[in-house]
Amino acid sequence: MKTNPITSHLLSWYKGNARKLPWRETSDPYKIWISEIMLQQTTVNAVIPYFERWIKIFPTVGSVAQASPEKILKCWQGLGYYERARNIHKAAKIICTDHDGQVPSDPEKLKRLPGFGAYTRGAVLSIAFDQRHPVIDANVRRVLMRYRGLEGYADNSHDQKIKEFLETILPQRNVRSFNQALMELGALICRSKKPSCLVCPWNGSCFAFQKGLQDVIPTPRKRVTTQ
């Protein structure tokens, strides 16, 4: 199957512009899983020291499974949303008991693990195993709402249309780079405010840019002010 031109443009842009991040230096499913959980509701810069410390203390799934809940939560302290850490602990125990300590590459097996929602499954399966699964996070949603001209708030009401479009442009191979590139595009170029459209690899076919609507797609949410 021939690669879609916009896919090629995105991958070329990513090759020259991707940030060097510790979880991008590995294809270890465990480390990618941990990074993806940490990145939820947390910024990249904030995650880096937590990720590096976590991997130093818990280098394997087995070391997580054997740790006490107190040690897990202490290592997570400062990241917030502590249920994420509890689910990592629960999932690690199941992985060691049922999957020989290896994060499974089967979507159905991942689905049964605590904390493995649709986004986390897609991220681990594509980035660690290079399986052809789309990922939709806030950055991806914003990029593709602008690209496709999907009006409204940036919520999951658009995710089915976004998923259907992603199925048409996901490459057959190197899906790991494509998915990371799309998230990186949203983080660095297609930002929620003041997007850098002139240097975007997709500006030639982006609906919002062509129509001058990048500041109103997605619909900005009004700030609630208190007196």
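**Entry 1: the count**

I looked up the salt bridges, and by the rule used here the count comes to six. The rule asks for a side-chain nitrogen of Lys or Arg within 4 Å of a carboxyl oxygen of Asp or Glu. I note that this is a predicted model, where local features need pLDDT of at least 70, side-chain atom pairs count only at pLDDT 80 or more, and totals for chains, interfaces and linings use all residues. Residues are numbered from 1 along each chain as its sequence is written, and side-chain values use heavy atoms, with hydrogens and water left out.

**Entry 2: Arg19 and Glu184**

I checked Arg19 next. Arg19 forms a salt bridge with Glu184, and their closest N and O atoms are 2.7 Å apart. Arg19 sits in the loop between helix 1 (5-17) and helix 2, while Glu184 sits in helix 11 (residues 175-188), so the pair ties together parts that are 165 residues apart in sequence. Helices here are DSSP runs (H or I, at least four residues), numbered from the N terminus.

Is Glu184 buried or exposed? Glu184 is buried, with a relative accessible area of 1%. Arg19 is partly exposed, at 27%. Buried means under 20% relative accessible area, exposed means over 50%, and partly exposed lies in between (1.4 Å probe, protein chains only).

**Entry 3: Arg141 and Asp159**

I then found a salt bridge between the side chains of Arg141 and Asp159 (2.8 Å, N to O). Arg141 lies in helix 9 (residues 138-148) and Asp159 in helix 10 (residues 159-169), so this pair ties together parts that are 18 residues apart in sequence. Arg141 is buried, and so is Asp159.

I also looked for shared partners. Such salt bridges join Arg19, Arg24 and Glu184 into one network.

**Entry 4: Glu83 and Arg86**

I turned to helix 6 (residues 83-98), where Glu83 and Arg86 both lie, three residues apart, about one turn of the helix. Their side chains meet in a salt bridge (3.5 Å, N to O). Glu83 is partly exposed, with a relative accessible area of 41%. Arg86 is partly exposed too, at 37%.

**Entry 5: Glu36**

I ended with Glu36, in helix 2 (residues 29-39).

What does the side chain of Glu36 make a polar contact with? The partner is the side chain of Tyr119, at 2.6 Å. A polar contact is a pair of N or O atoms within 3.5 Å; within protein, one must be able to donate a hydrogen and the other to accept it, and residues adjacent in sequence count only if both atoms are side-chain atoms.

How values were computed. Helix = DSSP H or I, 4+ residues; strand = E, 2+ residues; numbered from the N terminus.
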